Amino acid sequence: MVLLSTAGHSTITRTFILWALANTGGTLWLLLDFSLDRIDDYPIALMSGLVAALVSLAIVPLVIPFFSAMCRLRVGLSRRSLALVGVTLFFLLANQLLEVLLPIDSMTHLLNMSLPYWAAAMLTVLWLYSPGQQSNTGRTSACD
């Protein structure tokens, strides 16, 4: 049996927290946006949230190694900065995947629907990798 190290377990946990909060926040944002114009449009936001969750879940196996590799890289950036860059790159990858798989007429329309998810992911990264989170866990390493 393979046991996960503490750092590996923390990386997986943070990745799934990021996935859950980004999808929840983005869907709630779309739900509010769609419901302000017409309350009957809320199913569109919920279905968009379901599609976003499924597509982003398919990318999670790529994100975990990226976050694990962040500890080994010495590029002079904080882990928070690397996470923000990584999440943005994986957001663009997910949008490319959606553009290929769904009948979407332009990337502009896709970005209008997906930007709330990117914003929620950025806020989640800022929270997950904040100095306060390190002191809450009692760890001082940047690679916790």
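Leu102 is partly exposed, with a relative accessible area of 35%. On the scale used here, buried means under 20% relative accessible area, exposed means over 50%, and partly exposed falls in between (1.4 Å probe, protein chains only). Leu102 sits in the loop between α3 and α4 (107–128). Keep in mind that this is a predicted model, where local features need pLDDT of at least 70, side-chain atom pairs count only at pLDDT 80 or more, and totals for chains, interfaces and linings use all residues. Residues are numbered from 1 along each chain as its sequence is written, and side-chain values use heavy atoms, with hydrogens and water left out.

Which helix gives the largest share of the nonpolar patch? That is helix α3 (residues 79–101), with three residues.

**The helices**

Stepping back, the protein chain has five helices and zero strands, in the order α-α-α-α-α along the sequence. Helices (H or I, at least four residues) and strands (E, at least two) are DSSP runs, numbered from the N terminus. Of the 144 residues in the protein chain, 35% are buried.

Helix α3 has 23 residues and runs 32 Å from its first C-alpha to its last, close to the 33 Å expected at 1.5 Å a residue. That expected span is 1.5 Å times one less than the number of residues.

An unreviewed UniProt entry lists residues 12–32, 44–69, 81–98 and 110–129 as "transmembrane region". UniProt positions are given in the numbering used here, feature names are shortened, and such annotations may be inferred rather than shown by experiment. In the model, residues 12–32 are 100% helix and 0% strand, with the end C-alpha atoms 30 Å apart. Residues 44–69 also come out as 100% helix and 0% strand, and there the end C-alpha atoms are 37 Å apart.

**Aromatic pairs**

There are four aromatic pairs in the structure. Rings of Phe, Tyr and Trp (its six-membered ring) pair if their centres lie within 6.5 Å; planes under 30 degrees apart count as stacked, over 60 as edge-to-face and the rest as tilted. Phe66 and Phe67 make a tilted pair, 5.8 Å centre to centre with 55° between the planes. Phe66 is partly exposed at 24% relative accessible area, while Phe67 is buried at 1%. The rings of Phe91 and Trp118 are also tilted, with centres 6.4 Å apart and planes at 50°. Phe91 belongs to helix α3 and Trp118 to helix α4, so this pair ties together parts that are 27 residues apart in sequence. Phe91 is buried, with a relative accessible area of 14%, and Trp118 is partly exposed at 30%. Ring pairs also link Phe66, Phe67, Phe90 and Tyr129 into a cluster.

**Contacts across the sequence**

| Residues | Separation in sequence | C-alpha to C-alpha |
|---|---|---|
| Thr27 and Gly49 | 22 residues | 4.9 Å |
| Leu21 and Ala120 | 99 residues | 7.1 Å |
| Ala45 and Leu31 | 14 residues | 5.0 Å |

Thr27 is in helix α1 (residues 6–37), and at 13% relative accessibility Thr27 counts as buried. Leu21 is in helix α1 too, but at 37% relative accessibility Leu21 is partly exposed. Ala45 belongs to helix α2 (residues 42–70). Is Ala45 buried or exposed? With 0% relative accessibility, Ala45 counts as buried.
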